Amino acid sequence: MKEIKHNWTKEEILDIHNTPLMELLYRAASVHREYHDPNKVQVSTLLSIKTGGCPEDCGYCPQAARYHTDIEGNDLMSVSQVKAQAKRAKASGSSRVCMGAAWRNVKDGPEFEQVLEMVRTINKLDMEVCCTLGMITENQAKRLAEAGLYAYNHNLDTSEDYYKDVISTRAFQDRLDTIENVRKSNVTVCSGGIIGMGEKLEDRAGMLVALATLDPQPESVPINALVAVEGTPMEEMEPVPIWDMIRMVATARIVMPKTQVRLSAGRTEMSKEGQAMCFFAGANSIFAGDKLLTTPNPDVNEDMEMFRLLGLKPQHAFEKLPQPKTVEQAESQYEAKGEKPKWTRPGHQIERNEMAKLKAKSQS
Ligand code: SF4
């Protein structure tokens with residue numbers, strides 16, 4: 001195995017991305033075989049543990065309180081509800097549970113304590129536990145690590161340049177700061193993005209530069225195709241062509257060879273043939289369950305039929321890295337600090353987000 005390259009430039013990544021497709025696939029598949037078992041794909045389950053009512057203005061997200069979408073909001077789930085869902089996910093072939101809460105950032109207090117207990121509970125089921133809870137501090141990352149968290153998800157979403165056209169309530173640097181906080185614990189990093197939000201090819205390459213130049217590179221990179229939801233500022237975006245997903249997956253695989261590349265949102269729009277090409281190009285994880293947080297996803301049985309057709313096997317938990325140990329709350333070394341970090345804000349507005357907000361107000 002060659003040494004991992006960290007000094008990728010946008011031009012180099014664009015060159016790879018724009019290689020004739022057959023050559024790109026051959027190269028990506030070769031890298032994939034060198035670092036991974038090409039017949040294994042991890043099945044992960046995404047659980048929305050707290051849905052809707054988010055104060056952020058991410059232009060793609062139906063959970064932002066300011067837009068008028070038809071998702072049903074929910075308070076934080078109980079530990080027993082989460083445990084039951086995790087057991088069900090495990091029984092249907094998932095080896096990882098990712099819990100998502102629609103928060104701007106984690107606040108120390110009873111809700112965070114409840115999430116820590118969820119992490120302990122799922123880790124004890126011998127499943128990889130991932131959380132996506134918004135921005136976190138170093139102390140919070142360490143507390144999650146102590147509870148047995150395997151991965152923290154914090155997507156970069158897009159390039160630094162285009163970020164300003166998607167989200168106005170936080171800055172790209174805030175994302176990098178949270179990733180750095182996670183790196184100060186022994187929790188692995190899951191960070192990727194979304195294509196189909198009106199970005200240029202240069203932005204897709206820019207996002208991959210931002211991820212691939214992290215040292216170490218993220219252990220996990222989800223590649224999402226936008227699911228345009230009515231009521232969000234991006235409701236009228238065109239669906240992402242399958243060829244764009246294949247190229248994005250292949251490029252991510254080449255520039256981040258060790259990473260688990262995850263085929264995420266947008267799979268309902270993809271044929272089995274399209275998904276098979278993504279697996280050939282280096283994708284080695286899917287999300288199972290009929291919902292991805294709030295957007296539609298293929299049925300588990302359909303996925304298992306696809307695995308059978310393609311001869312794929314689900315990857316077991318902790319095949320890549322050992323299982324973290326869970327420390328019980330009574331033995332914890334860390335205390336809640338009640339931190340209120342000052343996050344940087346670009347202090348700007350995005351016209352299409354403002355328009356969607358006004359439209360939502362007029363409908364309420
Ligand atoms: S993507 Fe996350 S942070 Fe952004 S609005 Fe949705 S729930 Fe909130």
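Which residues have the most contacts inside the largest nonpolar core? They are Val119, Cys131, Leu144, Leu149, Tyr152, Leu226 and Val249. The model is predicted.

**Core**

The largest nonpolar core has 100 residues. Helix 9, residues 242-255, supplies the largest share of this core, with eight residues. In soluble globular proteins, nonpolar side chains tend to be buried together. Val119 shows the local packing. Leaving aside residues up to four places away in sequence, Val119 touches Val129, Cys131, Leu144, Ala147, Gly148 and Leu149. Cys131, Leu144 and Leu149 are, like Val119, among the residues with the most contacts inside the core.

**Strand 1 and its partners**

Strand 1 covers residues 40-50. Of its 11 residues, 10 are buried, so the strand is largely enclosed by the rest of the structure. Strand 1 pairs with strand 2, with strand 9 and with strand 12. Each of these pairings is listed below.

| Partner of strand 1 | Residues | Sense | Bridges |
|---|---|---|---|
| Strand 2 | 96-101 | parallel | six |
| Strand 9 | 283-288 | parallel | four |
| Strand 12 | 313-314 | parallel | two |

Individual residue pairs place these contacts along the strand. Val41 has Pro314 of strand 12 as its bridge partner. Leu46 stands opposite Cys98 of strand 2. In a regular strand the side chains alternate between the two faces of the sheet.

**Annotated span**

An unreviewed UniProt entry lists residues 39-267 as "domain: Radical SAM core". In the model, this span is 34% helix and 18% strand. Its end C-alpha atoms lie 19 Å apart.

**Helix 12**

Is Glu351 buried or exposed? Glu351 counts as exposed, because it has 9 C-beta neighbours inside 10 Å; the cut-off for exposure is 12 or fewer. Glu351 belongs to helix 12, which covers residues 351-363. Ser362 comes 11 residues away from Glu351 along the chain. The C-alpha atoms of Glu351 and Ser362 are separated by 17 Å.

Technical notes: Residues numbered from 1 in each chain as written. Predicted model: local features only at pLDDT ≥ 70, side-chain atom pairs only at ≥ 80, totals over all residues. Core = buried A, V, L, I, M, F, W, Y, C linked by C-beta atoms within 7 Å. Buried ≥ 20, exposed ≤ 12 C-beta atoms within 10 Å, placed from the backbone. Contact = placed C-beta atoms within 7 Å. UniProt positions renumbered as here; feature names shortened; annotations may be inferred. Pairing = 2+ DSSP bridges.
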